[in-house]
Amino acid sequence: MPVSYTHDDSPSSSTVSTAHTHLRKRSSMSASHPSNAPSPFLPQTGQYNEKTGEIHLPTSPPLHAWQEKHESALGLYYDDSKKGRLPPYSWPSGRTKRITKPWLSVAVLAGATLLLVVILYWINPTSSYNTAILSRIPFKAAKCEPYSAFGSLSVDTAHAENNKWVPFDSSCTTPQYLADLRSEHPTSDFSWLRNRTALIIGDSVSREHVENFCQLMGRETEVIRKHHKYSPSPSPVRGPAKAGHPIDKPARLGARGFRVVRDASLPRMCYIPEYDFMLVSVFHFGLDQEDYWRGSRMPQYAAPGMFEHRLSDVIQPLIANLRADGRASAPDYVEVTSGTWDLARWAEQDMDEQKDTETGLTQDRVTWFRFRVGQMLERVRTAFPQAKAKTWRTMHYPLDQVAEHEYFMDKITSRPTNASIDNQTPPSFAHNRIYQLDQAVRSLIQPTVTESGSVPGPHADFRMNEWGTIMKGHDAHQKDRLHGDPLPGGYVWSDVMLYELHHGVVTADAQPLRSVPRP
């Protein structure tokens with residue numbers, strides 16, 4: 001503002017305090033602005049008196065007169081004296097802000113907040129925030145995985161259809177695929193099952209699952225022997241066919257029993273013509289890399305013993321023969337497992353060294369097993385990249401260690417229940433060791449939850465078949481190779497297998513097939 005200088009010597013020009021004189025002093029003119037006063041909105045000129053040192057400034061503009069004010073629910077003040085238009089809102093600081101439609105602003109704010117919550121939920125669905133808050137949002141139901149949900153096993157040896165996993169959440173029930181397949185008039189659309197092939201790679205329990213499925217469907221399995229049309233070509237010579245001992249029929253076995261033991265390690269198939277559905281089981285001897293069982297007393301051993309060799313010499317040629325016979329998509333479902341033969345090998349080694357077989361596995365053994373499982377999953381993924389569903393079947397927890405070992409040895413004569421109570425034979429399948437192996441596998445497949453979210457496992461394209469966990473506390477299989485009922489273990493496994501196959505087919509059809517990055 002320009003200031004004019006005056007040299008007024010009259011004492012009446014101003015009154016100055018000698019104690020505390022302020023160089024910048026407001027004019028004492030009235031703020032009412034009479035008609036002859038200059039306009040407060042035009043630039044005014046101040047006056048400076050050099051003698052007194054005072055500056056006479058123009059009067060301040062008038063303050064807006066406030067009518068009666070009211071406070072809104074949001075803490076804003078408005079003037080209700082103005083009619084015909086929405087009241088002007090201002091923040092308590094006095095800075096005016098007009099919101100033309102306050103209800104619309106509130107709605108937009110609420111919508112933006114809700115959208116942010118949904119975005120956070122989809123970005124990080126496994127976070128604790130989702131568990132504590134978002135899981136209670138009614139419009140977004142949690143993903144239903146019935147065989148991974150908390151529940152209990154219903155067992156009924158008289159009625160097969162009553163053997164099922166029952167989640168506590170009634171909104172997440174297990175589909176009864178096997179019951180519908182067994183009925184005379186199925187109500188489900190099983191188009192996803194037609195012309196499908198399931199490949200089961202595992203141990204004697206896996207082999208029994210295929211046999212039980214066929215039995216429950218009123219069919220019989222077929223052993224793929226040397227002259228079968230699907231039998232793979234003779235594999236490269238990797239060693240003797242048997243473990244260094246004759247294969248003559250032992251005196252304790254009858255003709256049927258000896259044939260069972262001889263065929264134990266051969267592939268077998270189960271075909272359901274009504275749906276053109278085929279299951280194929282292939283045996284393997286664990287993940288050891290030294291072919292440990294070659295020199296053992298196991299009568300069912302047949303080379304090759306190393307998993308990679310069995311995959312290239314037995315499994316892949318077998319699948320190639322199935323594809324050549326019209327099953328172009330084989331395998332649509334792949335289930336793998338290991339652990340029984342690995343635990344049995346470690347138990348034998350511990351007994352030879354007079355060590356306890358019930359103590360936990362050393363960290364070196366667990367680390368080795370985890371590494372070998374990762375190699376196994378990678379080999380299977382590479383061999384069958386187009387498989388729509390890939391699972392790892394969890395191990396069960398045997399109730400009777402001696403009976404379990406004889407089952408593992410493919411012995412024919414069954415033992416009475418709880419035979420291990422009075423037997424001093426060290427257990428080969430201690431529960432704490434099974435749990436250690438189970439945790440090692442889960443760390444490769446399932447996501448790891450951290451404070452900042454979840455990290456996918458290196459083999460996240462595989463899913464956990466929770467059959468072994470579901471069967472904990474129950475007899476998981478027959479008493480031996482010839483005696484026993486497929487209930488409840490065989491029936492429950494069949495339902496889980498069909499559920500995983502359906503999940504894989506539906507998921508693969510819903511989105512383009514893409515390769516999974518290697519770990």
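When the bonded cysteines of the chain are numbered in sequence order, they pair as 1-2, 3-4. The model is a predicted one, in which local features need pLDDT of at least 70 and side-chain atom pairs count only at pLDDT 80 or more, while totals for chains, interfaces and linings use all residues. Residues are numbered from 1 along each chain as its sequence is written, and side-chain values use heavy atoms, with hydrogens and water left out.

How many disulfides does a search of the whole structure find? The search finds 2, a disulfide being a pair of cysteine sulfur atoms within 2.5 Å.

One of them joins cysteine 144 to cysteine 172, with an S to S distance of 1.9 Å. This pair links distant parts of the chain, 28 residues apart: cysteine 144 sits in the loop between helix 2 (128–132) and strand 9 (151–154), and cysteine 172 in the loop between strand 10 (164–167) and helix 3 (177–182). Helices (H or I, at least four residues) and strands (E, at least two) are DSSP runs, numbered from the N terminus. The link is right-handed, with 95° about the S-S bond. Cysteine 144 is partly exposed, at a relative accessible area of 34%, whereas cysteine 172 is buried, at 6%. Here buried means under 20% relative accessible area, exposed over 50%, and partly exposed in between, with a 1.4 Å probe and protein chains only.

The other disulfide connects cysteine 214 and cysteine 270, S to S 1.9 Å. Cysteine 214 belongs to helix 4 (residues 204–216) and cysteine 270 to strand 13 (residues 268–272), distant parts of the chain 56 residues apart. This link is also right-handed, with 105° about the S-S bond. Both cysteine 214 and cysteine 270 are buried.

Seven strands form an open sheet of mixed pairing, in the order 12-13-14-11-15-16-19; two strands pair if DSSP finds at least two bridges between them. Strand 12 (222–223) and strand 19 (463–465) stand at the edges with a single partner strand each, so one side of each has no neighbour in the sheet.

Within the sheet, strand 11 (residues 197–202) pairs with strand 14 (residues 277–283) in the parallel sense over 6 bridges. Isoleucine 201 stands opposite valine 282 of strand 14.

Finally, helix 10 (residues 431–445) lies across strand 16 (389–393) and strand 19, running at about 150° to strand 19. Axes are lines fitted to C-alpha atoms, for helices over the stretch in contact (heavy atoms within 4.5 Å), and angles run from 0 to 180 degrees between N-to-C directions.
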